[in-house]
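Open your viewer and get ready to select residues by number. We will go from stop to stop.

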Amino acid sequence: MFDTICTLPLSADLFAQVIHPGEPLVAVGLSSGHVATLKLPFLEGDGSLESSAPGSRRASHGKDVVETAWRTKRHKGSCRCLAYSVDGRQLYSAGTDGVVKAADSETGKVIGKVAVPLDASSRAGSVDAPTVLHALSPQTLLLATDSGALHLYDLRDPAPSLPVDQAKTAFTGANPAQTHHPHTDYISSLSAIPASDSSTSGYSKQWLTTGGTTLALTDLRRGVLVKSEDQEEILMSSLYITGLPVNKSNGSTGEKAIVGGGDGVITLWQKGQWDDQDERIIVSKEKETLDVMAELPDGVGGLGKRIAVGLGDGTVRFVRLGSKQVVGGVRHHDVEGVVGLGFDVGGRMISGGGQVIKVWREHDAGATEAEEETEAEERIAAGAKRSADNKGGGENDEAEEGQNESDEEEEKPRKRRKKRKRGKGPATTGGGLSLTGLD
């Protein structure tokens, strides 16, 4: 279904990955605290391909070029999460140093920072490490944490013409405007519910979160509205899907939440019926964790709604929601799980995990869909066997690098850690394309 365009080695374990909403860019956050923006291979037909930046390197076929737009030591601890603003002009990052930073996404220059509130449940008032960042609108940034807290920060135009040393230019205040507690365990995912047709702003005002064994619905003005029953299984990832078939007989509105579990099963939840799941799809019979999910863009991967699911065994599997079946897959890594997954503006899939990022494009050879799916299943099976065998310029923060060597060691997770995303949760804690600037 997908072929690898290039493989990008990283200098440390990948903890966070986010794809630009309008340009072929991907930002990465590493266990070392570094944040970098990478320019993906140019799309076909882009004449600018002829002039690549000095120091960039080409893949073996001499076509694809990857450049490091900027790279910096952004956090003293690991960088746990990243998010682009709605228009892609700002890149937000949060780390185990308890700091959220806003940066100009083009240059990497910091234009604001705030401290994450301390964990009130901790006797020592320790840092409540971040787990999820999401820009809900140009005015609101959501931050979720290990303790299950959900903070809402008010934003404003960062006014990049102002000097960088003017503090808090991207935030209206040092403290969250609101704080909610939808879960008692660390929040593993957040999915915004699209604005209704009657919305005047056009931006979402409600979102779903997963934390521990529950799903919760929170409203921008009214706080936590609904919390599901205990699902008796860790919930790891989520998506909100629209455009599904409407069925009035069972109350289906054509919109559902898709939730990936720690037992290899996807659960489907009807809109407005958030107390309990509606349907189930088995993605991994081996009960591998479903750590991250992404919806395939329209026109990619065949007809019907399909999603890509990144698993703890290093594979990406594709699920057709209509037939509730796994219809293919690819292998990202033989050992490390997939922690980042998404699609860029050109419909290319970007997967990340371990110390590798891979860029994929839809297979355009003349094979039939059935043949492709069979080949994919064979690749996954072969990879699973290998895995079983293995078991037996931006802001210059470089001066801070020496301060957190011990933090890095503490944050570096065990390989293939079950039931917990890479770098998240309270600490009990192919032919490569060489990437300039990340060695």
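Which residue in β22 is the bridge partner of Ile266? Select Ile266 and look across to β22: the partner is Ile281. Keep in mind throughout that this is a predicted model.

**Stop 1: the sheet**

β21 and β22 pair over 4 bridges, in the antiparallel sense. In general, strands of a sheet pair through backbone hydrogen bonds, and the pairing is either parallel or antiparallel. Now select β19, β20 and β21 together with β22. They form an open sheet of 4 strands in the order β19-β20-β21-β22, and the pairing is antiparallel. Which strands stand at the edges? They are β19 and β22. Each has a single partner strand, so one side of each is left without a neighbour in the sheet. Turn the view and compare strand directions. On average, neighbouring strands of this sheet are turned by 20° against each other, direction ignored.

**Stop 2: an aromatic pair**

The structure holds 5 aromatic pairs. Select Tyr240 and Trp274 for one of them. A pair of aromatic rings is described by the distance of the centres and the angle of the planes. Here the centres are 6.5 Å apart and the planes make an angle of 50°, so the pair counts as tilted, between the limits of 30 and 60 degrees. Follow the chain from one ring to the other. Tyr240 sits in strand β19 (residues 235–241). Trp274 lies in the loop between β21 (265–270) and β22 (279–282).

Next, select Phe2, Phe318 and Phe343. Ring pairs link these three into a cluster.

**Stop 3: salt bridges**

Side chains of opposite charge can pair when their charged atoms come close. How many salt bridges does a search of the whole structure find? It finds 12.

Select Lys324 and Glu279. Their side chains meet in a salt bridge of 3.1 Å, N to O. This pair links distant parts of the chain, 45 residues apart. Glu279 is in strand β22, while Lys324 is in the loop between β25 (315–320) and β26 (325–331). Lys324 is partly exposed at 33% relative accessibility. Glu279 is partly exposed too, at 23%. Together with Glu279 and Lys324, they are linked in a network of salt bridges.

Move on to Asp313 and Arg317. Their side chains form a salt bridge of 3.5 Å, N to O. Asp313 is buried, with a relative accessible area of 7%. Arg317 is buried as well, at 10%.

Then select Arg348 and Asp344. Here the salt bridge is 2.7 Å, N to O. Arg348 counts as buried because its relative accessibility is 6%, under the 20% limit. Asp344 is buried at 5%.

**Last stop: the whole chain**

Zoom out and show everything. The chain has 2 helices and 29 strands. Of its 439 residues, 54% are buried.

Terms used. Residues numbered from 1 in each chain as written. Predicted model: local features only at pLDDT ≥ 70, side-chain atom pairs only at ≥ 80, totals over all residues. Heavy atoms only, no water. Phe/Tyr/Trp six-rings, centres within 6.5 Å; stacked < 30°, edge-to-face > 60°. Salt bridge = Lys/Arg side-chain N within 4 Å of Asp/Glu carboxyl O. Buried < 20%, exposed > 50% of the residue type's maximum accessible area, 1.4 Å probe, protein only. Pairing = 2+ DSSP bridges. Axes fitted to C-alpha atoms, helices over the stretch in contact; angles between N-to-C directions.
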